[in-house]
Amino acid sequence: AAMGNERDIHSAHWHGKTVMRHGRSEDVIPLLPGQTETIDMLADNPGTWMFQCHVADHLEAGMMATYRIRPAHPRSCPVQFGDATFWAGKPDSQKPGFQKPGVQEPDSQKPSFQMELRNLTSKPIQQVTIESDMVIGLNRLAKAPEPWNIPLPIGPKQTTLIQMPNAMEHSESILGWVVFPLALTFADGSKWSPNEHGECMRIYWRDKNHQDMQILPPIEMP
């Protein structure tokens, strides 16, 4: 539904899907002020998609969101992202006398963003590539400054601490971290890759009271 005056004319558009209105498939649903439309969608295209208004001024002002279509039978994730140390300074895991049971510590003693990575499988992980984006502001994601430092191999059911060595140089501007696995190679040569962008994702927020999100934030295109 749309409300407002003559400037509040909207064109609702769902990326990744079409919708049915009055028995006809459409890409964009126009909405006049005070108008309400009921549409139907067959959500059979798993992934994270953008929902936006195609009016230029509205789009530039941020009238966009994302929605996620989950697979009907999702597969289990091979790895899990656990607790993280977000703030600058030496994390507790680097203070003298601290040792978290069952967690392999990284070699570096420099302040950094750290998080736990757990191998949920029964096979050692020989190589792992992680996609990571920094949430800088509203609708803005930025690529991490460098690759993660990951102690390898990661044994079956083992948890290890991984770190972004220079992340704290940008700590004041980072509102959150988006992380998910891109590729895994096991010791027996078998491989794993995501079926959809953001599969097995987790978001860490600087504000610990921030609402948890199960989908990727929208990205403002330059």
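Because the model is predicted, local features need pLDDT of at least 70 and side-chain atom pairs count only at pLDDT 80 or more, while totals for chains, interfaces and linings use all residues. Residues are numbered from 1 along each chain as its sequence is written, and side-chain values use heavy atoms, with hydrogens and water left out.

A disulfide is a covalent bond between the sulfur atoms of two cysteines, and here the term is applied to a pair of cysteine sulfur atoms within 2.5 Å. By this rule the structure has one disulfide, which joins Cys77 to Cys200 with an S to S distance of 2.1 Å. The link of Cys77 and Cys200 is left-handed, with -105° about the S-S bond. Cys77 lies in the loop between strand 6 and strand 7 and Cys200 in the loop between strand 14 and strand 15, so the pair ties together parts that are 123 residues apart in sequence. Helices (H or I, at least four residues) and strands (E, at least two) are DSSP runs, numbered from the N terminus. Cys77 is partly exposed at a relative accessible area of 29%, whereas Cys200 is buried at 12%; buried means under 20% relative accessible area, exposed over 50%, and partly exposed in between, with a 1.4 Å probe and protein chains only.

Side chains of opposite charge can pair when their charged atoms come close, and a salt bridge is counted when a side-chain nitrogen of Lys or Arg is within 4 Å of a carboxyl oxygen of Asp or Glu. Arg75 forms such a bridge with Glu199, the closest N and O atoms being 2.9 Å apart. Arg75 sits in the loop between strand 6 (64–69) and strand 7 (79–85), and Glu199 in the loop between strand 14 (191–192) and strand 15 (202–205), so that this pair links distant parts of the chain, 124 residues apart. Arg75 is partly exposed at 33% relative accessibility, while Glu199 is buried at 8%.

In total the structure holds nine salt bridges. Another of them pairs Asp44 with Lys17, with 2.5 Å between the closest N and O atoms; Asp44 belongs to the loop between strand 4 (28–31) and strand 5 (47–53), and Lys17 to the loop between strand 1 (10–14) and strand 2 (19–21), 27 residues apart. Asp44 counts as partly exposed at 47% relative accessibility, and Lys17 as buried at 16%. A further bridge brings together the side chains of Lys143 and Asp133, at 3.1 Å from N to O, linking strand 11 (residues 140–143) with strand 10 (residues 125–137) across ten residues of sequence. Here Lys143 is exposed, with a relative accessible area of 55%, and Asp133 is buried, with 7%. Salt bridges that share partners also join Arg21, Arg24, Glu26 and Glu37 into one network.

The aromatic rings come next. Rings of Phe, Tyr and Trp (its six-membered ring) pair if their centres lie within 6.5 Å, and a search of the whole structure finds five aromatic pairs. Phe113, Trp148, Trp177 and Tyr204 form one aromatic cluster. Elsewhere, Lys123 lies over the face of Phe186, at 4.5 Å from the ring centre, where a charge sits over a ring if NZ of Lys or CZ of Arg is within 6 Å of the ring centre and within 35 degrees of the ring normal.

In soluble globular proteins, nonpolar side chains tend to be buried together. A nonpolar core is a set of buried Ala, Val, Leu, Ile, Met, Phe, Trp, Tyr and Cys residues joined through side-chain atoms within 4.5 Å. The largest such core has 25 residues, and those with the most contacts inside it are Phe113, Met115, Leu117, Ile130, Trp148, Ile150 and Trp177. The elements that give two or more residues to this core are strand 7, strand 9, strand 10, strand 12 (159–164) and strand 13 (176–186).

Finally, Ser112 is found in the loop between strand 8 (103–104) and strand 9 (113–119). Ser112 is buried, with a relative accessible area of 1%, and its C-alpha lies 8.2 Å in space from that of Thr85, although Ser112 and Thr85 are 27 residues apart in sequence.

Terms used: Rings of Phe, Tyr and Trp (its six-membered ring) pair if their centres lie within 6.5 Å; planes under 30 degrees apart count as stacked, over 60 as edge-to-face and the rest as tilted.
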